[in-house]
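This report describes a ligand site and several ring contacts. Please keep the sequence and the structure in view while reading.

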Amino acid sequence: MAKKQIALIGGGQIGGVLAQLIGLRELANVVLFDVVEDMPQGKTLDIAEASRVDGFDVSLKGTNEYKDIAGSDLVIITAGLPRKPGMSRDDLLVTNAKIMKSVAEGVKQFAPNSIVLIISNPLDAMVTLFQKVSGFAHNKVIGQAGVLDSSRFSTFIAWELGVSVKDINAMVLGGHGDTMVPLVRYANVNGVPVMEQLERKYGDAAKAKEVMDAMVQRTKMAGGEVVKLLKTGSAFYSPAAAAISMAEAILGDQKRVLASCVYLNGEYGVEGYYVGVPAVLGEKGCEKILEVTLDKEEQAAFDNSVNAVTTLVADMERLGF
Ligand code: TXD
């Protein structure tokens, strides 16, 4: 079978790890685009020169020209600046909106039939803007946030319970900001509710709730925690890994159910906004949205998060995007 092609727009920290992971998994041929001269060529050369050792065989091309992304099945966008310590994701709005607009024009012209996965922050606004500028069908423009946020939540739960992270199922809904909604009630260890395990561990419902609240809070702030430690940028291994799972689902038509930033058309009572919810990902992009029953408190938290997204999008529009 002919290999698929993935174009990576942005060859920085996440873009570089993406290129390497795609190679290691022989997921597709790679075209790595960046505006910085020679850098994407250097990164792809470096990764290609590891292919004999790692035993993979895909084509890796670095470029500064959009025409080279022609024929891509999937485009993954990380172009934009990352956060510096103390910055919120929203502080990036104007700078990254300008970049995203130019990227959308390039992708529209040279890879008009691709499915697009966006990682750049502020995520919910960037996905909205890309779709608006490109005019691509809503189901073909998807944002990555929920897979990472859910993985972070799962990691903290696994550490707390002293069990393998592989057996944790936990999901985070809403926008990719401090208002995101880790779904505590549905979090489970191979089907057994996490809260039940915490109550057994501590023998006290109040203490169990306190421990869970701390994990929820850490999940919401997890991106900032890494930024603070790294000092020169934001998380890049985990966002790349998250995007790869979505890319595999799409290119392999796997119908995986992954928390994704997708366009809501009445689902969850939201009309016309991109928000993080569980979605079925396959060859058509977002093929279906799964609705989850939320109790009063969860619904209020979700509404609050949707509010943050609509405010962010309104701010972006006010700024002329
Ligand atoms: O889960 C998530 N969605 C995220 C998102 C988790 C962590 C970080 N997230 C965001 O991804 C972050 O806030 C940034 O907005 C993006 C990319 O993060 P990365 O760490 O890869 O940033 P880098 O290393 O600065 O790389 C960005 C690259 C850099 O090489 C620039 O030269 C390039 O983007 N860039 C451009 N590429 C193409 N076209 C244009 N116009 C352009 N401008 C800059």
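Which residue lies over the face of Tyr202? Lys207 does, at 5.5 Å from the ring centre; a charge sits over a ring if NZ of Lys or CZ of Arg is within 6 Å of the ring centre and within 35 degrees of the ring normal.

The model is predicted: local features need pLDDT of at least 70, side-chain atom pairs count only at pLDDT 80 or more, and totals for chains, interfaces and linings use all residues. Residues are numbered from 1 along each chain as its sequence is written, and side-chain values use heavy atoms, without hydrogens and water.

**The ligand site**

The ligand is surrounded by 28 residues (a heavy atom within 4 Å). The closest are Gln13, Ile14, Asp34, Ile119 and Gln144. Polar contacts, which are pairs of N or O atoms within 3.5 Å, are listed below.

| Residue and its atom | Ligand atom | Distance |
|---|---|---|
| Ile14, polar backbone atom | oxygen | 2.9 Å |
| Asp34, side-chain N or O atom | oxygen | 2.7 Å |
| Ile119, backbone N or O atom | nitrogen | 3.0 Å |

Taken alone, the ligand exposes 860 Å², and the protein buries 89% of that area (Shrake-Rupley method, 1.4 Å probe).

**Aromatic pairs**

The structure contains six aromatic pairs, meaning rings of Phe, Tyr or Trp (its six-membered ring) with centres within 6.5 Å. One of them joins Phe130 and Phe136, 5.7 Å centre to centre. With 85 degrees between the planes, this pair is edge-to-face (over 60 degrees; under 30 is stacked and the rest tilted). Phe130 counts as buried because its relative accessibility is 0%, where buried means under 20% (1.4 Å probe, protein chains only). Phe136, at 7%, also counts as buried.

Technical notes: Buried < 20%, exposed > 50% of the residue type's maximum accessible area, 1.4 Å probe, protein only. Polar contact = N/O pair within 3.5 Å; in protein donor to acceptor, adjacent residues only side chain to side chain.
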